[in-house]
Structures are given as structure tokens and as C-alpha cells.
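Thanks for coming, everyone. Please take a look at the structure on the screen, and I will walk you through it.

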Amino acid sequence: MTRWWSSYQSLKRAHFLKRAIKGLIASEEVDCEVLLPQEWKLLEQIELALEPMAHFQQTLEREKYVTSSLVPIAVFQIRQTYCEMIESADTDDDVCKLVKILLADFDTRYELDAIIVMLDNHLN
């Protein structure tokens, strides 16, 4: 597992437990620092940024024999999600910076021209 995977799983779990965490804090059953609403929103947006990678990792791991036909689709959809997040006015500035870093790293790993050739070969 990679660090981004661990981060995604932690954020997903925190999101799932959000109401319970808030309830425990409100009832003073736990003594901890309280996240502000904008901090919860930031965590939820980071989770959304990591979600496409997690989805396709799980999809490709489930296949008995990974086919190359899934790879171009995964690359296209992950890249499209990142671009949409960057362009969205609803994306927090800090999350936008993170997504730009993820996209730049993604683009160096998966060259768009190579993906286009793979898609073209697959469709023809």
C-alpha cells in the first residue's frame, strides 16, 4: 500500500465517523481538538481528490487478469477528475494546489500521447 492509499482510507473513515465524532465531542465524552466546518470540508475535498485513484486501484486488483483495455479508461477518468477539480470554483485553494501536484505527477507517469495511441489502437 502507498501513503496516498493510507491517507485516503483514513479520510474516508473520518468522513464516515464524522457524526459520531461530533456527538462524542458535544457530549464531552472525549477531550480533543474540534475541527472547524471548513476543515471538515477540506478533508472531504482531499478525499474526493484521492478517490479516483483508489477506485481504479481496487478495480484493477479485483480482476483475475488485468486487461490493458482498462488502463486508458482509468488514466482518462483520473486525469479528467483532477482537471475538473482544478477548474471548479468550489475547490478549496489548498486542495487545488494539491490536485495540481497530483496531476503533474500523474502526467509524468502516464504520458497523454501514449494513452491516446493506446485508445486509438483499442478502438480500431
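The buried residues of helix H1 are Trp 5, Tyr 8 and Leu 11. Buried means under 20% relative accessible area, exposed means over 50%, and partly exposed is in between, with a 1.4 Å probe and protein chains only. A helix here is a DSSP run of H or I with at least four residues, a strand is a run of E with at least two, and both are numbered from the N terminus.

A word on the source. This is a predicted model, in which local features need pLDDT of at least 70 and side-chain atom pairs count only at pLDDT 80 or more, while totals for chains, interfaces and linings use all residues. Residues are numbered from 1 along each chain as its sequence is written, and side-chain values use heavy atoms, with hydrogens and water left out.

Back to H1. What do its buried residues pack against? They pack against helix H2, residues 37–62. How long is H1? It has 24 residues, 3–26, and at 1.5 Å a residue these should span 34 Å. The expected span is 1.5 Å times one less than the number of residues. The end C-alpha atoms are 32 Å apart, which agrees.

H1 also bends, by about 60° at Leu 17. That bend is the angle between two fitted axes, one for the seven residues ending there and one for the seven starting there.

Now step just past H1. Glu 28 has a positive phi there, about 60°. Most residues other than glycine have a negative phi. Glu 28 is not a glycine, yet its phi is positive. It sits in the loop between H1 and H2. Is Glu 28 buried or exposed? It is exposed, with a relative accessible area of 70%.

**The whole chain**

Let's zoom out. The chain has five helices and zero strands. From the N terminus on, the order is α-α-α-α-α. There are 124 residues, and buried ones make up 19% of them.

Next, contacts, meaning heavy atoms within 4.5 Å. Take the contacts with a separation of 6 or more: 68% of them join residues 24 or more positions apart. The accessible surface comes to about 9100 Å², and 56% of it belongs to carbon and sulfur atoms. Those areas come from the Shrake-Rupley method with a 1.4 Å probe, and for residues only the protein chains shown count as cover.

**Aromatic pairs**

How many aromatic pairs does a search of the whole structure find? Two. In the Trp 5 and Tyr 8 pair, the ring centres are 6.2 Å apart and the planes are at 40°, so the pair is tilted. Here are the cut-offs: rings of Phe, Tyr and Trp (its six-membered ring) pair if their centres lie within 6.5 Å, and planes under 30 degrees apart count as stacked, over 60 as edge-to-face, and the rest as tilted. Trp 5 and Tyr 8 both lie in H1, three residues apart, about one turn of the helix. Both are buried.

The other pair is Tyr 82 and Phe 106, with ring centres 6.2 Å apart and planes at 85°, so this pair is edge-to-face. It links distant parts of the chain: Tyr 82 is in helix H3 (residues 70–87), Phe 106 is in helix H4 (residues 93–109), and they are 24 residues apart. Tyr 82 and Phe 106 are buried too.

**Helix H4**

Stay with H4. It has 17 residues and reaches 24 Å from its first C-alpha to its last, close to the 24 Å expected. Its buried residues are Val 95, Cys 96, Val 99, Leu 103 and Phe 106. Seen down the axis of H4, they fall within an arc of 95°, so they line one face of the helix. The arc is taken from the directions from the helix axis to the C-beta atoms. The cover over these buried residues includes H2 and H3.

Which residues are exposed on the other side of H4? They are Asp 93, Lys 97, Ile 101 and Thr 108. Lys 97 has 54% relative accessibility, so it counts as exposed.

Phe 106 has a relative accessible area of 5%. Leaving aside neighbours within four places in sequence, Phe 106 is in contact with Met 53, Val 75, Ile 78 and Arg 79.

Last stop: Gln 45, in helix H2. Its relative accessibility is 9%, so it counts as buried. With neighbours within four places set aside, Gln 45 is in contact with Met 85, Asp 90, Thr 91, Asp 92 and Val 95.
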